[in-house]
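Dear colleague,

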Amino acid sequence: MRIIPVDLGHCSYRIVLGHQVFAEAETGRLLAAAASDRKCLIVTDTTVGPLYADQAQASLVRAGAAACSVVTFPAGEASKTLSTVATLYEAAVSAQLDRSDCVVALGGGVVGDVAGFSAATYMRGVSYLQFPTTLLALVDSSVGGKTGVDLAAGKNLVGAFHQPSLVVGDLTFLGSLPVREMRCGLAEVAKYAMIMDVDFYGELMANAQLLLAREPRVAERVIARCCRLKVKVVQADETEQGMRAILNYGHTFGHALEKVGGFSRLNHGEAVSAGMGMAVDLASAAGLSSVDLPSRQDDLFSRLGLPLTASMPDVNPDDVLAAMQADKKVQGGRLRLVLPREIGRVEVLDYTDTERMLKAIEGRLG
Ligand code: NAD
Ligand code: GLY
């Protein structure tokens, strides 16, 4: 079991990681500090709830929660909406949650983002805990306090920064995660290597097979390393005034791919994987990185079983570019892109050469 501190002044918290961590006494103590004598509302989805809600509920009751109810919404990105948030507010009212009570997000990034946003806004803000159950949520979305929902106009267009008061990641939950979802998480894992840790690139190249096989020690080591990398960035720039933007590597392309695919053709991790391919091709074509960087990134992605392209040959690159221009990373009409210089180093640039962008998009659509 590992405990990673997140030092954010009065919003500081801990990330507990390991196998069977809900059975550990230290987890019980941390849960008690966060939830005892409070009413808890577990928010989960229709896949995760039947698998793990009883266990989460039992842990919270053992930790002294005053009451613990569960609300479930349909699994998937299509639920990441304001209308789901409205049903969560209703559930919070039914469970008589007041400002001293707490929300518990049990699930992947969709549950975490929606539950976190509901917690950020219900009664002007209640505390919430993250119990991440996907690899993507373990290494990325449960940490750092970004919460929100999608609008028809684009991904994550409504949201709030709201840090959880505790993150408990039980890696045994990964045992039931479909391979496709495991790969989505690996896209975010590979992202950390590309943006900020060249040694991690080497470790992932060496251990890709073990990681794909969910070998417990390798999985725990890799997940903890990702959390530490993310914590370092979030501690330096909690509300993305500057360097936190590097965590969006591949995401401006990826969010656009998700949108043109109607949020159903590609999962988030798949879109980000193809998006990082577009970004590295663009960087190389623009002379910002060496010519072999795309193939070095592709080598790692192939080892991890990640898609190198979006597999959407029918999509028009102009539509992807238009969706990118509607992204919330556009500032004053300028498109800000995270582009790699070398493995482990990226730069955030205003990028205006639309011809090159269209070429990079086209090259990875098929
Ligand atoms: P998800 O939450 O939709 O989970 C993927 C699927 O796996 C769902 O069907 C879910 O029910 C199922 N599932 C979850 N845990 C399971 C388990 N242990 N066993 C079996 N099935 C399980 O998707 P995700 O990939 O976890 O998250 C993607 C979302 O996260 C996107 O909306 C993205 O925008 C968001 N995100 C947010 C941040 C952030 O910082 N807040 C960072 C990255 C991504
Ligand atoms: N996943 C991007 C961020 O947390 O900033």
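The charged end of K191 sits over the ring of Y192, at 5.1 Å from its centre (the criterion being NZ of Lys or CZ of Arg within 6 Å of the ring centre and within 35 degrees of the ring normal). Please note that this is a predicted model, in which local features need pLDDT of at least 70 and side-chain atom pairs count only at pLDDT 80 or more, whereas totals for chains, interfaces and linings use all residues. Residues are numbered from 1 along each chain as its sequence is written, chains are lettered from A and ligands numbered from 1 in the order in which they are written, and side-chain values use heavy atoms, with hydrogens and water left out.

There are four aromatic pairs in the structure (rings of Phe, Tyr and Trp, the last by its six-membered ring, with centres within 6.5 Å; planes under 30 degrees apart count as stacked, over 60 as edge-to-face and the rest as tilted). Among them is the stacked pair of F22 and F173, with 6.0 Å centre to centre and 15 degrees between the planes, which links parts of the chain 151 residues apart. F22 counts as buried because its relative accessibility is 6%, and F173 likewise counts as buried at 3% (buried means under 20% relative accessible area, exposed over 50% and partly exposed in between, with a 1.4 Å probe and protein chains only). F22 and F173 also belong, with Y52 and F131, to one aromatic cluster.

As for the backbone, Q96, although not a glycine, has a positive phi of about 60 degrees, and Q96 counts as exposed because its relative accessibility is 60%.

Best regards

Notes
Helix = DSSP H or I, 4+ residues; strand = E, 2+ residues; numbered from the N terminus.
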